[in-house]
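Subject: Structure for you to look at

Dear colleague,

I am handing over the structure we spoke about, with the sequence alongside. Please open it first, and then read the notes below with the model on your screen.

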Amino acid sequence: MSVVVSSTTDTTARALLGTIAVKGKAPKTGYERTSMFGTAWLDADRNGCDTRNDILARDLTDVAKAGNCRVVSGNLLSPFTASPIAFVRGQDTSALVQIDHVVSLSNAWQTGAQQLTQAQRISLANDPINLLAVDGRSNAQKGDGDTATWLPSNKAFRCGYVARQISVKATYGLWVTPAEHDAMTRVLHACPDEPALTSPFAPEPAPAPEPAPAPETYYENCTAVRVAGAAPIHRGQPGYSTRLDRDGDGVACDS
């Protein structure tokens, strides 16, 4: 069974959108799919199956496999068009069903992914909330478009589609452009309670830093101890030293 699952949260997509930075796209300079986001498709979740077969197994019905992973046939109701497609693996047929990056990797690169680590970019490229099995024609039409430039022809899916884009961008700290933000807001106006999504691929929060050790208390002499208002100092207390305890009774600077 595939472990690539996504689930809804108590946060609405509209509320989550309000937490995402809005600014212009960065240059596409330096973008290269394999070197920046890893080879397609990896077994990123280490369940023994590559990501493409994981998503086919998740999104298709009547799935037939060769072995534990390789999906050889199934049926897809493309979320982008609401049209059925019979998937049959083969040189001339596999491309009829493609795996779409809901937030395209090119768009991600231009909206913050340049600042991610290589491991985080590989996670983004294989994250199940950022992946959908769709009809190849729609996927080609979309290209690297964002909400401002492309939406699914299946209007019933637009709220869910935009919620996924917002969830991905929030998860990986990406931003949206002003036009993208406005387009997302318009879509969500019709579905204000559309939930955001979460994923097991979400980056773990950075561990809290260890508290700095308390500085060791040191007094040059008993005059310094008295100036600090710390006299007398008993053995075991901060600043005690046998150097200050001339009579060796365990109490320093007591006279």
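Cys-49 sits in the loop between helix H2 (33-37) and helix H3 (51-59), while Cys-69 sits in the loop between strand E2 (61-66) and strand E3 (70-77), so the bond ties together parts that are 20 residues apart in sequence. The S to S distance of this pair is 1.9 Å, and both Cys-49 and Cys-69 are buried.

Before going further, please keep in mind that this is a predicted model. The average pLDDT of the protein is 89, and 91% of the residues score at least 70.

The structure holds three disulfides in total, and, with the bonded cysteines counted along the chain, they follow the pattern 1-2, 3-4, 5-6. Cys-159 is joined to Cys-191 with an S to S distance of 1.9 Å, and the torsion about that S-S bond is about -100 degrees, so this disulfide is left-handed. The pair links distant parts of the chain, 32 residues apart, with Cys-159 in helix H7 (residues 158-171) and Cys-191 in the loop between helix H8 (178-189) and strand E7 (195-198). Cys-159 counts as buried at 15% relative accessibility, and Cys-191 is buried with a relative accessible area of 12%.

Cys-222 and Cys-253 form a disulfide in which the sulfur atoms are 2.0 Å apart; the torsion about the S-S bond is about -85 degrees, so this link is left-handed. Here, too, distant parts of the chain are linked, 31 residues apart, since Cys-222 belongs to helix H9 (residues 222-227) and Cys-253 to the segment after strand E9 (251-252). Both Cys-222 and Cys-253 are buried.

Overall form

The protein contains nine helices and nine strands. Its radius of gyration is 29 Å, well over the 18 Å that the globule rule gives for 255 residues, so the protein is more spread out than a compact globule. Along the principal axes, the C-alpha trace spans about 95 × 45 × 35 Å. Of the 255 residues, 43% count as buried, and the accessible surface comes to about 13500 Å², of which 53% belongs to carbon and sulfur atoms. Among contacts between residues at least 6 apart in sequence, 66% join residues at least 24 apart.

The nonpolar cores

Which residues have the most contacts inside the largest nonpolar core? They are Phe-80, Tyr-161, Val-162 and Ile-166, in a core of 21 residues. Helix H1 (13-17), strand E6 (131-135), H7 and H8 each supply at least two residues of this core, and the largest share, five residues, comes from H7. Apart from this core lies another, of 16 residues, which includes Met-36, Ile-129, Val-168 and Leu-197.

If you centre the view on Phe-80, you will find that, leaving aside residues up to four places away in sequence, Phe-80 touches a set of residues including Asp-100, Leu-132, Val-134, Trp-150, Pro-152, Phe-157 and Tyr-161.

Backbone points to check

Most residues other than glycine have a negative phi, and most peptide bonds are trans. Against that background, the peptide bond from Ala-40 to Trp-41 is cis, with omega near -15 degrees, and Trp-41 lies in the loop between H2 and H3. The peptide bond from Ala-231 to Pro-232 is also cis, with omega near -5 degrees, and Pro-232 is found in the loop between H9 and strand E8 (233-234).

Arg-46 is not a glycine, yet has a positive phi of about 60 degrees. Arg-46 is placed in the loop between H2 and H3, and is exposed, with a relative accessible area of 77%. Asp-62, again not a glycine, has a positive phi of about 50 degrees; Asp-62 is found in strand E2 and is exposed, with a relative accessible area of 61%.

With best wishes

Methods:
Residues are numbered from 1 along each chain as its sequence is written. This is a predicted model: local features need pLDDT of at least 70, side-chain atom pairs count only at pLDDT 80 or more; totals for chains, interfaces and linings use all residues. Side-chain values use heavy atoms; hydrogens and water are left out. A disulfide is a pair of cysteine sulfur atoms within 2.5 Å. Helices (H or I, at least four residues) and strands (E, at least two) are DSSP runs, numbered from the N terminus. Buried means under 20% relative accessible area, exposed over 50%, partly exposed in between (1.4 Å probe, protein chains only). pLDDT is the predictor's confidence in each residue, from 0 to 100. The radius of gyration is taken over C-alpha atoms; the globule rule is 2.2 Å times the number of residues to the power 0.38. Contact means heavy atoms within 4.5 Å. Accessible areas come from the Shrake-Rupley method with a 1.4 Å probe; for residues, only the protein chains shown count as cover. A nonpolar core is a set of buried Ala, Val, Leu, Ile, Met, Phe, Trp, Tyr and Cys residues joined through side-chain atoms within 4.5 Å.
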